[in-house]
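Hi,

Here is the structure I promised to pass on. Have a look at it first, and then read on for what turned up in it.

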Amino acid sequence: DCMVDVRQAEGVDFTADFEELLPIKGEEWDCLLCFYCLEHVSFRKLPQFLAECRRVLKPGGRAVFTVPNTEAQMRWIKDCFPKGWDGKGPFEAASELLYGSQDYGDNTHKCFLTPEIVHGLFQAAGCAHGMTRAWGERGTDMLVDASRPKEIGPGIYKAEIGNDQSREHLFDKAYFNGGSKVGG
């Protein structure tokens, strides 16, 4: 078994159960990056988790997620590999893709996500949903970009989500190396 429990890795400051309230004070983070985690949160708890993400973001803060697009995954299975792949038959191959490898207790997918569903979930959490686009080599995953709107007047909010080009410019290597563009 080559699975490493990153919760015990050097450099991990704290861990959190995404199905509970986050142990982070409000409006603390400029950006949240979450890769392949939302699908592991119970569909019953996902709205609460997204509200928590909004709570911990500073006004104008960004949240970038990658998640599976369950609808696109099912279409890919049906259209491209109805007999399975990687030496696995259709039952095992499709089940693993849709529901996770289940090779340890937390490695299961617990919710059904599509672009339309994601948009509604982020909107309900009070986030400005800026973009969802196909992600990954098969296009069966999604890149989701959302933000916490800034209050520009009493009860008036403005979401600052630019186009893809400006996003690439703002969140480039300099940003993640401590640059001073929009946070860092």
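Let me start with a leucine. Leucine 38 touches Leu46, Phe49, Leu50, Phe65, Val67, Cys111, Leu113 and Phe122, leaving aside residues up to four places away in sequence. Keep in mind that this is a predicted model.

Where does that leucine belong? Leu38 is among the residues with the most contacts inside the largest nonpolar core, which has 24 residues. Leu46, Phe49, Leu50, Phe65, Leu113 and Phe122 are the others named with the most contacts there. At least two residues of this core come from each of β1, α1, β2, α4 (115-124) and β4. Helix α1 gives the most, with five residues. There is another core, lying apart from this one, with seven residues, including Trp76, Ile77, Ala93 and Leu98. As a general point, nonpolar side chains tend to be buried together in soluble globular proteins.

For the overall picture, the protein chain has six helices and six strands. Read from the N terminus, the elements run β-α-β-α-α-α-β-β-β-β-α-α. Of the 184 residues in the protein chain, 36% are buried. If you take contacts between residues at least 6 apart in sequence, 63% of them join residues at least 24 apart.

Now the sheet. Four strands make an open sheet with mixed pairing, in the order β1-β2-β4-β3. At the edges are β1 (29-35) and β3 (128-135), each of which pairs on one side only. Ignoring direction, neighbouring strands of this sheet are turned by 10° against each other on average.

Going across the sheet, pair by pair:

- β1 and β2 (residues 57-68) run parallel and are joined by six bridges. Phenylalanine 35 stands opposite threonine 66 in β2.
- β2 and β4 are antiparallel, with seven bridges between them. Here valine 67 is opposite methionine 142 in β4.
- β3 and β4 are antiparallel too, and seven bridges join them. Threonine 132 faces valine 144 in β4, and histidine 129 stands opposite alanine 146 in β4.

The hairpin of β3 and β4 has five residues between the strands, and glycine 136 takes a positive phi near 90° in it. Helix α1 (residues 46-56) lies across β1 and β2, and runs at about 145° to β2.

How many residues of strand β4 are buried? Seven of its seven, with the strand spanning residues 141-147. Asp141, Leu143, Asp145 and Ser147 point one way from β4, while Met142, Val144 and Ala146 point the other way, and all are buried. The two aspartates, Asp141 and Asp145, may be worth a look on your screen, as both are on that buried list.

A search of the whole structure finds five aromatic pairs. One of them joins tryptophan 76 and phenylalanine 81, a tilted pair at 4.9 Å centre to centre with 45° between the planes.

What lies over the face of tryptophan 76? That is arginine 138, at 4.3 Å from the ring centre.

Technical notes: Residues numbered from 1 in each chain as written. Predicted model: local features only at pLDDT ≥ 70, side-chain atom pairs only at ≥ 80, totals over all residues. Heavy atoms only, no water. Phe/Tyr/Trp six-rings, centres within 6.5 Å; stacked < 30°, edge-to-face > 60°. Lys NZ or Arg CZ within 6 Å of the ring centre and 35° of its normal. Pairing = 2+ DSSP bridges. Axes fitted to C-alpha atoms, helices over the stretch in contact; angles between N-to-C directions. Contact = heavy atoms within 4.5 Å. Buried < 20%, exposed > 50% of the residue type's maximum accessible area, 1.4 Å probe, protein only. Core = buried A, V, L, I, M, F, W, Y, C linked by side-chain atoms within 4.5 Å.
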